Amino acid sequence: GDKLVQFCLDLERRLKELPGVTAVGIASVRPMMGGGWYSNLDPPGGQKPINTAANSISAGYLDALGLKLLAGRGFTPQDIGVNSTAALVTENVAKQLGGSALGMKVKFGDKDVEIVGIVSDAHYGRLTDEGTTTFVAQSFAEDSFTVLLRTNVPPGQLISAASGVVAELDKDLPLVNPRSMEEQIGHTLRRERLFAWLCGAF
């Protein structure tokens with residue numbers, strides 16, 4: 001509800017005030033976790049649906065992950081909420097849509113959205129991903145989410161301070177599995193290697 005949306009906006013603001021933090025974003029899916037959420041994007045005019053990775057993100061996510069806005073605009077705090085119809089697509093998706101994807105109205109899953117921005121391609125769940133991703137504005141309707149911090153100091157130095165901010169806003173909210181991006185990628189690669197070894201063993 002509105003209370004949760006305000007909590008998350010306050011969390012982003014407070015975390016960004018920490019020394020060493022340069023950007024903060026919130027997402028439903030943790031980057032490079034080896035899996036995620038996928039859905040069909042249905043273009044107008046009966047074009048073939050495009051199966052894309054998906055993520056529900058806050059206004060600060062692009063800066064936190066280092067994605068470049070190539071055309072249009074990113075999300076604003078006014079886009080956040082369950083009734084938002086704004087969407088962003090990566091350059092790869094825009095090319096598949098053909099013509100000018102900016103401003104195009106499409107169906108994403110069971111929701112009608114308008115593409116308001118095009119962003120640079122980025123790996124989603126693993127390093128072999130092609131960067132085919134659709135982003136919708138964060139609704140904060142889920143029971144968990146991932147907070148990304150971009151820092152100019154070693155990330156491990158900020159875990160205690162970030163945990164303190166969360167506790168000040170809600171002492172009962174746990175901070176689960178804080179990891180640097182390098183640690184997250186390493187964890188995913190180890191899991192994929194184990195899967196490949198298990199497949200090869202049979």
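What share of the contacts in the chain with a separation of 6 or more comes from residues 24 or more positions apart? Such residues account for 77% of these contacts, where contact means heavy atoms within 4.5 Å.

This is a predicted model, in which local features need pLDDT of at least 70 and side-chain atom pairs count only at pLDDT 80 or more, while totals for chains, interfaces and linings use all residues. Residues are numbered from 1 along each chain as its sequence is written, and side-chain values use heavy atoms, with hydrogens and water left out.

**View 1. The whole chain, with five helices and nine strands.** Helices (H or I, at least four residues) and strands (E, at least two) are DSSP runs numbered from the N terminus, and along the sequence they follow the pattern α-β-β-β-α-β-β-α-β-β-β-β-α-α. Of the 202 residues of the chain, 42% count as buried; buried means under 20% relative accessible area, exposed over 50%, and partly exposed in between, with a 1.4 Å probe and protein chains only.

**View 2. Helix α1 (residues 2–16) and its buried residues.** The end C-alpha atoms of α1 are 21 Å apart, which agrees with the 21 Å that its 15 residues should span at 1.5 Å a residue, the expected span being 1.5 Å times one less than the number of residues. Val-5, Phe-7, Cys-8, Leu-11, Glu-12 and Leu-15 are the buried residues of α1. They lie on the same side of α1, because they cover an arc of only 160° around the axis, an arc taken from the directions from the helix axis to the C-beta atoms. Asp-2 and Lys-3, on the other side of α1, are exposed, whereas the buried residues pack against β1 (21–27), β9 (146–151) and α4 (159–169).

**View 3. Strand β3 (residues 50–57) and its paired strands.** Seven of the eight residues of β3 are buried, so that the strand is mostly covered. Two strands pair if DSSP finds at least two bridges between them. Strand β2 (residues 37–42) runs antiparallel to β3 and is joined to it by five bridges, with Ala-54 in β3 as the bridge partner of Trp-37. Strand β8 (residues 133–137) pairs with β3 in the parallel sense, also over five bridges, and here Val-136 in β8 is the bridge partner of Ser-56.

**View 4. The one aromatic pair found in a search of the whole structure.** Tyr-61 and Phe-135 form a tilted pair, 5.9 Å centre to centre and with 50° between the planes; rings of Phe, Tyr and Trp (its six-membered ring) pair if their centres lie within 6.5 Å, and planes under 30 degrees apart count as stacked, over 60 as edge-to-face and the rest as tilted. The pair links distant parts of the chain, with Tyr-61 in helix α2 (residues 61–65) and Phe-135 in strand β8, 74 residues apart. Tyr-61 counts as buried at 3% relative accessibility, and Phe-135 is buried with a relative accessible area of 4%.
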